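Thanks for coming. I have one structure to go through today, and I will keep to what can be read from the coordinates.

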Amino acid sequence: MTNSNATQTALIYRPCAGIMLANKAGKIFVGHRNDDPGSQAWQMPQGGIDEGEDPEIAALRELGEETGVIADKVEILARSAEEYFYDLPEELIGKVLGGQFRGQRQWWFLMRFLGEDSDINIATAVPEFSAWQWADADSIVDLIVPFKRKLYRDVLEEFRLLLRTLSYVL
């Protein structure tokens with residue numbers, strides 16, 4: 001085992017909440033990461049769960065912090081059946097997530113967006129995104145950084161049936 005593998009194994013996963021925000025057309029919100037302007041690093045809103053915080057409360061808080069969308073503009077349709085995990089690539093260990101984590105463990109929430117596009121404001125107190133768009137569910141995985149793609153595929157698969165019916169239940 002190399003030293004970097006030993007370091008990664010000793011680190012824990014950061015507890016997080018992820019949000020799949022779907023509009024009336026069944027398209028998914030993705031934001032371009034503000035910290036990597038030259039890349040194609042898009043992602044759905046996500047962020048840390050504070051100690052003792054309920055994952056659903058964390059998801060709503062993170063959604064507001066990253067998109068400006070407040071809780072009364074969404075309806076929570078589903079919570080993932082389990083936590084999803086991803087590992088950071090070796091070159092990012094110790095450089096991101098405060099250097100304290102090997103990756104993230106995430107509870108995911110499918111939320112229906114009840115507002116208008118004008119309710120989205122990524123120019124938040126601490127901007128996470130430099131741009132945003134509504135994307136087809138089938139194109140999201142291709143927009144994401146490679147080390148998160150399996151997690152996104154798995155989350156999409158879990159929520160796929162609900163996404164297909166979303167535009168019919170509005």
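**An aromatic pair, a core and a bent helix**

I start with Phe29, which counts as buried because its relative accessibility is 0%. Before going further, please keep in mind that this is a predicted model.

Phe29 has a partner, Trp132, and the two rings are stacked, with 5.5 Å from centre to centre and 20 degrees between the planes. Phe29 belongs to strand E2 and Trp132 to strand E8, residues 129-135, so this pair ties together parts that lie 103 residues apart in sequence. Trp132 itself counts as partly exposed, because its relative accessibility is 26%. The protein has eight aromatic pairs by the rule used here.

Now the overall layout. The protein contains four helices and eight strands. Read from the N terminus, the order of elements is α-β-β-β-β-α-β-β-β-β-α-α. Of the 170 residues, 46% are buried. Among contacts with a separation of 6 or more, 74% are between residues 24 or more positions apart.

Next, the interior. In soluble globular proteins, nonpolar side chains tend to be buried together. Here the largest nonpolar core has 29 residues, and the members that touch the most others are Met20, Ile28, Trp108, Ile140, Tyr152 and Leu163. At least two residues each come from strands E1 (12-22), E2 (28-33), E6 (84-87) and E7 (101-113), and from helices H3 (137-143) and H4. Which of these gives the most to the core? It is H4, with seven residues. There is also a second, separate core of 18 residues, with Ile19, Val69, Met111 and Ile122 among them.

Let me stay with H4. This helix covers residues 149-166 and bends by about 55 degrees at Arg160. Its buried residues are Leu151, Tyr152, Val155, Leu156, Phe159, Leu163 and Leu166. As background, an α-helix has 3.6 residues a turn, so residues three or four places apart point the same way.

Beyond four places in sequence, Phe159 touches Met20, Ala78, Arg79, Ser80, Trp108, Phe109 and Leu110. Phe159 and Trp108 are 51 residues apart along the chain, and their C-alpha atoms are 9.6 Å apart. Arg79, one of the contacts of Phe159, has its charged end over the ring of Trp107, 4.2 Å from the ring centre.

The other residue is Tyr152. With residues up to four places away left out, Tyr152 touches Gln43, Met44, Gln46, Trp108, Ile140, Val141 and Ile144.

That brings in Gln43, which is part of strand E3, residues 42-43. Is Gln43 buried or exposed? The cut-off for buried is under 20% relative accessible area. Gln43 has a relative accessibility of 1%, so it counts as buried. What does its side chain meet in there by way of a polar contact? The side chain of Arg33, at 2.9 Å. Apart from residues up to four places away, Gln43 touches Val30, Gly31, Arg33, Glu128, Phe129, Ile144, Lys148 and Tyr152.

Note on methods:
Residues numbered from 1 in each chain as written. Predicted model: local features only at pLDDT ≥ 70, side-chain atom pairs only at ≥ 80, totals over all residues. Heavy atoms only, no water. Bend = angle between axes of the 7 residues up to and from the residue. Buried < 20%, exposed > 50% of the residue type's maximum accessible area, 1.4 Å probe, protein only. Core = buried A, V, L, I, M, F, W, Y, C linked by side-chain atoms within 4.5 Å. Contact = heavy atoms within 4.5 Å. Polar contact = N/O pair within 3.5 Å; in protein donor to acceptor, adjacent residues only side chain to side chain. Phe/Tyr/Trp six-rings, centres within 6.5 Å; stacked < 30°, edge-to-face > 60°. Lys NZ or Arg CZ within 6 Å of the ring centre and 35° of its normal.
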